[in-house]
Amino acid sequence: MAEAVVKRIKLGSQGLEVSAQGLGCMGMSAAYGPSNPEPDMIALIHHAIDSGVTFLDTSDLYGPHTNEILLGKALKGGVRKKVELATKFGLLVVDGKMSVRGDPEYVRACCEGSLKRLDVDCIDLYYQHRIDTTVPVEVTMGELKKLVEEGKIKYIGLSEASASTIRRAHAVHPITALQLEWSLWARDVEKEIVPTCRELGIGIVAYSPLGRGFLSLGPKVIETSSKDDFRQILPRFQPENLEHNKNLFERVAEMAARKGCTPSQLALAWLHHQGEDVCPIPGTTKIENFNQNIGALFVKLTPEDMSELESIATADAVKGDRYGGSVTTYENSETPPLSSWKAV
């Protein structure tokens, strides 16, 4: 497969250029059941790069740590210079519970740890995975800015940040990309977050663009998943909500059949048609699924197709929260004012 298959886009206004579709690597090591054989995952990563998908997404949370180690092995030799490497910090598991940290010491320690595990000198795009609501975002950004100045990271990103948090962070150092959940079953970001990014020249990286597999397989995705798959506990996959939500999948699948593509391809194509500043990062552990996903780049949607999809994917088309529980999202990501911070 020729590299020219996947076009390149400018992500944000700071100079980062990436493949128009990325590869989310989380599922190779975490979250969706048992981890996968390392040689198979390295082969998949190499296949993606050879196909022109060079924007790779990971986090120190995934595993934890094992996904970064996997990518470090996959990028050995001359492979590193072919990719745009993104990782994240800020989410950690303490006593079985998710915790968030954004204090300067933690930011720096995480960056050093990721550089070591990835076995690289510099991270292309370094995201704050979730916002620490006890630390002014300006304080976190101040440390990230230092890491840029030291050459340890090239560009700064945020994930699941509110519009006001994005503005405050961007005032300290330009934000290159915002990672957010955006798909036909998660459209709430269109109201305020997406317009804020566009106003400030921030690129948009859409994670879970296939609704954690729901837009690929519908209810089957959960019926065939393992007991330790984290989707088992998510509200949208509970039986009472799944029965309602399957209607969305069935309507997308019916339209995909008319368009001569798969439901996955249609869902990804909808995101690609949102603009040149949007890069979806679907994850997979199978080369055949990866090949299908990049086929989305060739699905052409008319304005009428887009309207039809948006009439299917209305706010009431999906029942259940994205996460539930106490997981921090952009909706609860406000941080204290800088004046409140007393450095220890």
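**Entry 1: threonine 329**

I began with threonine 329 and listed its contacts, leaving out residues up to four places away in sequence: Glu160, Arg322 and Tyr323. The model I am reading is a predicted one. I placed threonine 329 in the segment after α12 (303-312). Its relative accessible area is 7%, so I noted threonine 329 as buried, the cut-off being under 20%.

**Entry 2: the whole chain**

I then looked up the overall figures. I counted twelve helices and twelve strands in the protein. For 344 residues, a compact globule would have a radius of gyration near 20 Å, and I found 19 Å for this protein, which agrees. Along the principal axes, I noted a box of roughly 60 × 45 × 40 Å that the C-alpha atoms fill.

I took the burial next: 57% of the 344 residues count as buried. The accessible surface comes to about 14,500 Å², and carbon and sulfur atoms hold 54% of that. Among contacts with a separation of 6 or more, I found that 78% are between residues 24 or more positions apart. For the charges, I have 38 positive and 45 negative, and their mean positions lie 2 Å apart.

**Entry 3: cysteines**

I searched for disulfides and found zero in the structure. Cysteine 197 is in no disulfide, and I noted the sulfur of cysteine 279 as the nearest cysteine sulfur, 14 Å away. A disulfide here needs sulfur atoms within 2.5 Å, so that distance rules one out for cysteine 197. Cysteine 197 has a relative accessible area of 0% and is buried.

I checked cysteine 261 as well, and it is in no disulfide either. Its nearest cysteine sulfur is again that of cysteine 279, at 19 Å. Cysteine 261 counts as buried at 13% relative accessibility.

**Entry 4: backbone exceptions**

Most residues other than glycine have a negative phi, and most peptide bonds are trans. I therefore noted the exceptions, in keeping with that rule.

I found a cis peptide bond between glycine 63 and proline 64, with omega about -5°. Proline 64 sits in the loop that runs between β4 (55-57) and α2 (66-74).

Aspartate 119 is not a glycine, yet I read a positive phi of about 55° for it. I located aspartate 119 in the loop between α3 (104-118) and β8 (123-128). At 52% relative accessibility, aspartate 119 is exposed, because the cut-off is over 50%.

Arginine 212 is likewise not a glycine and has a positive phi of about 55°. I placed arginine 212 in the loop between β11 (203-207) and α7 (214-217). Its relative accessibility is 7%, so I noted arginine 212 as buried. Side by side, then, I have aspartate 119 exposed and arginine 212 buried.

**Entry 5: aspartate 277**

Last, I looked up aspartate 277, which lies in the loop between α10 (263-272) and β12 (278-280). With its neighbours within four places in sequence left aside, I listed Leu11, Arg198, Gly203 and Ile204 as its contacts. I also took the C-alpha separation of aspartate 277 and tryptophan 185: 20 Å, for two residues 92 apart along the chain.

Methods
Residues numbered from 1 in each chain as written. Predicted model: local features only at pLDDT ≥ 70, side-chain atom pairs only at ≥ 80, totals over all residues. Heavy atoms only, no water. Helix = DSSP H or I, 4+ residues; strand = E, 2+ residues; numbered from the N terminus. Rg over C-alpha atoms; globule rule 2.2 N^0.38 Å. Buried < 20%, exposed > 50% of the residue type's maximum accessible area, 1.4 Å probe, protein only. Contact = heavy atoms within 4.5 Å. Areas by Shrake-Rupley, 256 points an atom, 1.4 Å probe, with all protein chains shown as cover. Lys, Arg positive; Asp, Glu negative; His and termini not counted. Charge placed at Lys NZ, Arg CZ, Asp CG, Glu CD.
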